[in-house]
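Welcome! Have the structure open beside you and try each exercise before you read its solution.

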Amino acid sequence: MYINCHSWFSLHYGTLSPEKLVKNAAAKGAKTLALTDINNTSCTYEFITHCIGKGIKPVVGVEFRNGPQLLFIGLAKNNEGFRQLNALLTKHSFSGKDIPAVVRDIQEVYIIYPKLIKDISSFKDHEFLGIRPEHVNRLFGKKILDYKDRLVAWSPVTFLDMDGYHTHIILRAIDQNTLITKLEAGTFAKKTEILYSPEELQNKYDHYPFLIENAEKLLKTCHIDLNASDKNNRQIFTTSREADFKLLEKLAIDGVRSRYGEHHKEAFKRVEEELRVIQKQEYCPYFLINWDIVRYAVSKNYHYVGRGSGANSIVAYALRITDVDPLQLNLPFERFMNEFRSSPPDFDVDFSWDERDDVLDYIFKRYGPEHTAMLATYSTFKGRSIIRELGKVYGLPKEEIDKIVADPLNVKENHELAKKIFHYMPKLEGMPNYLSMHAGGVVISEKPLNYFTALQMMPKGFPVTHFDMHHGEDLKFHKYDILSQRGLGHIKDTVELIRQNQGKIIDIHNTDKIMNDRQVKTRLRSAQCIGCFYIESPAMRGLLSKLHCDDYLQLVAASSIIRPGVAQSGMMREYIKRSHDPYSFEYLHPVFEEQLSETYGVMVYQEDVMKIVHHFAGLPMDECDVLRRIMSGKKAKGDTFQRLQDKYFEGCKKKGHSKELAKEVWRQVSSFAGYSFCKAHSASYAVESFQSLYLKTYYPLEFMVGVINNFGGFYHTEYYFHEARMSGGIIHAPCVNNSNTLTTIKEKDIYVGLTHVQGLEKDLIRRIILNRNQRGLFNDLKDFASRVDISTEQLDLLIRINAFRFSGLNKYELMWRKNGVLSQKTKFEYSERLFFPEEKKYQLPDLTEGPFDQAFDELELLGFCLRSPFDLLLDDKKIKQGILAKDLRDFEDKWVKIIGYFVCRKNVHTKHHKLMNFGTWLDLKGDFFDTTHFPQTLKKYPLRGKGIYLITGKVVCEFGFPSIEVYKTELLPLIKDERY
């Protein structure tokens, strides 16, 4: 009788999680339950699982709506019916057209209409009219009672009680972007959409019991089985399983020969072992599809990086899916794939941000739109955003909402509605808000995806499943992570800029040469890494400096120990200490020395957890991986954890370890596993970091332009221009004759791209460049205005940024002339001219440009000035007070003053929940330095954002890396802006 139940995946409508819906239905005594979310099938499998767990028969369907208008409810008779419902929803998502009120050619589905949209005598066998409990009494004497077999009891379920009803009303107001008091009738549910018990429903329909009987007949004939199986994935890449294995075997063996040569016994043995597991677990198509994807990338000359646990596989290395040598790094295959692993493995393959979409397009075309989709993510209501949403629907002014957000516990000052807001806030917390697109997860199915989910077309032009990666994993779908990364864009663009600017062809894939280059190692050791992928942040540069890191393996370790968990546990400091004095400590046990000597006995990687448990207690590597996953929270504990823990201690006993030692090793392993990092992941990052370092070392100007043009570094663009200047580049403001959309380089001259001018229209930039390419450089302002259609406001921006400086006139003279060249045009009409009409000569008043006018215009239009910010100091005597960053080590444990231009800060909370800051600055010479602002100092002298500060503090050195513990900061005044 429950033919129309909503979960909270009826977005902005339902109030119950799938688990809560099923749990409460079971408590009420329900035996069969139909989930029919509104235009959504996100939680279908989760709902089925919960139902089976509670002994309830699950039925699935969809409630179809156009906006708030309810059209009909569709119940799937079977799997084919569910596919038909999903196909209907998918079709209208793709087309953007409304769903029709009556659908045809949909056989394996029951349709329940909320009202008579056609004569009931014309209803087909699968069509019914739903009768709500509150409408039962209206049936008396009506003609439709002659068609009893077409009528069913219809009692929608949306909430549990009146509190749930009010939550629903809030959701509807959020959806309609209106006040609760202004919600229109028909846009929200009736108060009767409560989960009634079977007895309560029978009482409501007691005059017409056949309505409930008819509803139960429908539910009785519905059966669904969304089988969670590896068979849901694409099963064959070639023509058969046998052919797939033969192809994979050939590619792997050929790849090993290419990577290692003909006589590397360990490599050939490892590849045979991996192939055996891959074949046994039927993962040949998975490897071949990944190979096919990177093969396409290679054919297009796209740069990519295969990373993650997939880099633990020598087969992946042989197929060139990854470039990390698992033998060199002693990476266990079991971390990636083993017979005990219940969740499917996945490769992470990064592409440049501007090439990734083409790779995705290839995948969709290669494997078919019915079988291929991106995974969804669920964007949920959370945190302070809920306060803002609730404040809006209750009609609070923004100022009142801001007060509640800023100080939620201030009951006296906050609006009286704050109490209501905080009552409903936890009810919305974690509730799905809308479907979004996963960063790169793709699924490729054997049967059409509509057997499992509807698809939704996203603005980027790629469809997503309604389920996310977790629901997809439950269904055993393999995930192909096709990710975008701007670090690869830096590298790709730099290589091209070097070719254009210097005529050199760079082989950036010769990683052996790059990693052993003496100058690259020197740069790494000195932590001069601004712009370099993954190693440019203040924390990472500090770590590299403390480690005196100058080789690949140490950089791999650094990429892992920088993670918050390792640092907070104290193991990062211990690792640095041991790296400086390798004989200052004793290994806990010889196994630690054998397995962790590379990292001085410190567990740095996830693989270390596996190796220690395997070699210390004798557990098989595949079971060690299961244990690691449980400890890291990626797999539920259950009975497996206890069994493996018992097995660990039994293994220790057999190996003769004392109980105390076994417990200590277990403690270390279990405490570390929760925050450890995959070694293969770190290794992949380290390779890319070395490639960036190489380019920065030998081609610093092209490299910084490549970083600037990819808009994706740790720092603001300003500091990459600064770094280019420090490397000898001559930075020029945007120019209509020399600048393109993006920043360009000609020998040592770097022209800021027009895209950096705030407010300048993209279409105008395109027209300027097109006209210049077709007809040559612009002669002056008049020539420009005659050739390019431009508004007064847009021309103002170009003049203010000094884009016409080649004309010999200053910007005020150009502003004066601008009125003359634009006032002659009412509508822009471009035509070739043989002669310009004779120009009248006017005597211009004295229009002198101030010495700092350009700097202030740049600050407004670019967000930063292209000269040294210290030039703008009001009192240049302050400059003489400070020391320089390069001299900090000479002042260890001494109090100093230093002038610093603010770069960035990191907010951190102490264990007592007090705010402190780590700051990064530029000194007068343009060198970076770092500061620490403890809570007491920060409270007294807060950082007020961008500007130049006089900093007073004590120099401290940790492992040779200097920083300043700040006592006082003073924001220094700048010269007056005299433009206006």
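## Exercise 1: A strand and its neighbours

In this predicted model, strand β3 (residues 69-76) pairs with β4 in the antiparallel sense, over four bridges.

**Task.** Which strand pairs with β4 in the parallel sense, and is β4 enclosed or open to the outside?

**Solution.** 
- Now look for the parallel partner, which is strand β5 (residues 127-131), paired with β4 over three bridges.
- Within that pairing, I112 stands opposite F128 in β5.
- Next, check the two faces of β4. On one side V109, I111 and Y113 are buried, and on the other Y110 and I112 are buried.
- Buried means under 20% relative accessible area. Five of the five residues of β4 (residues 109-113) are buried, so the strand is largely enclosed by the rest of the structure.

## Exercise 2: The nonpolar cores

**Task.** How many residues does the largest nonpolar core have, and which of them have the most contacts inside it?

**Solution.** 
- The largest nonpolar core has 110 residues.
- Those with the most contacts inside this core are Y2, L33, F47, F72, L75, L151 and L211.
- Take L211 as a case: leaving out residues up to four places away in sequence, L211 touches I131, L139, L151, V152, A153 and Y205.
- A second, separate core has 102 residues, including I514, L695, I731 and L972.

## Exercise 3: Rings and charges

**Task.** How do the rings of F714 and Y715 meet: stacked, tilted or edge-to-face?

**Solution.** 
- A pair of aromatic rings is described by the distance of the centres and the angle of the planes.
- The whole structure holds 45 aromatic pairs.
- For F714 and Y715, the centres are 4.9 Å apart and the planes stand at 75 degrees, so the pair is edge-to-face.
- Look at accessibility too: F714 is partly exposed at 47%, whereas Y715 is buried at 6%.
- Elsewhere, ring pairs link Y283, Y286, F287, F333, F336, F347 and Y480 into a cluster.
- Charges can sit over rings as well: K204 lies over the face of Y196, 4.6 Å from the ring centre.
- The charged end of R83 sits over the ring of Y451, 5.9 Å from its centre.

## Exercise 4: Two helix residues

**Task.** Where is N86 found, and is N86 buried or exposed?

**Solution.** 
- N86 belongs to helix α3 (residues 79-95).
- With a relative accessible area of 0%, N86 is buried.
- Beyond its neighbours within four places in sequence, N86 is in contact with T41, N450, Y451, F452, T453 and A454.
- For a second case, go to A418 in helix α14 (residues 418-428).
- A418 counts as buried, at 6% relative accessibility.
- Finally, find C549, 131 residues from A418 along the chain: their C-alpha atoms are separated by 53 Å.

Notes. Residues are numbered from 1 along each chain as its sequence is written. This is a predicted model: local features need pLDDT of at least 70, side-chain atom pairs count only at pLDDT 80 or more; totals for chains, interfaces and linings use all residues. Side-chain values use heavy atoms; hydrogens and water are left out. Rings of Phe, Tyr and Trp (its six-membered ring) pair if their centres lie within 6.5 Å; planes under 30 degrees apart count as stacked, over 60 as edge-to-face and the rest as tilted. Buried means under 20% relative accessible area, exposed over 50%, partly exposed in between (1.4 Å probe, protein chains only). A charge sits over a ring if NZ of Lys or CZ of Arg is within 6 Å of the ring centre and within 35 degrees of the ring normal. Contact means heavy atoms within 4.5 Å. A nonpolar core is a set of buried Ala, Val, Leu, Ile, Met, Phe, Trp, Tyr and Cys residues joined through side-chain atoms within 4.5 Å. Two strands pair if DSSP finds at least two bridges between them.
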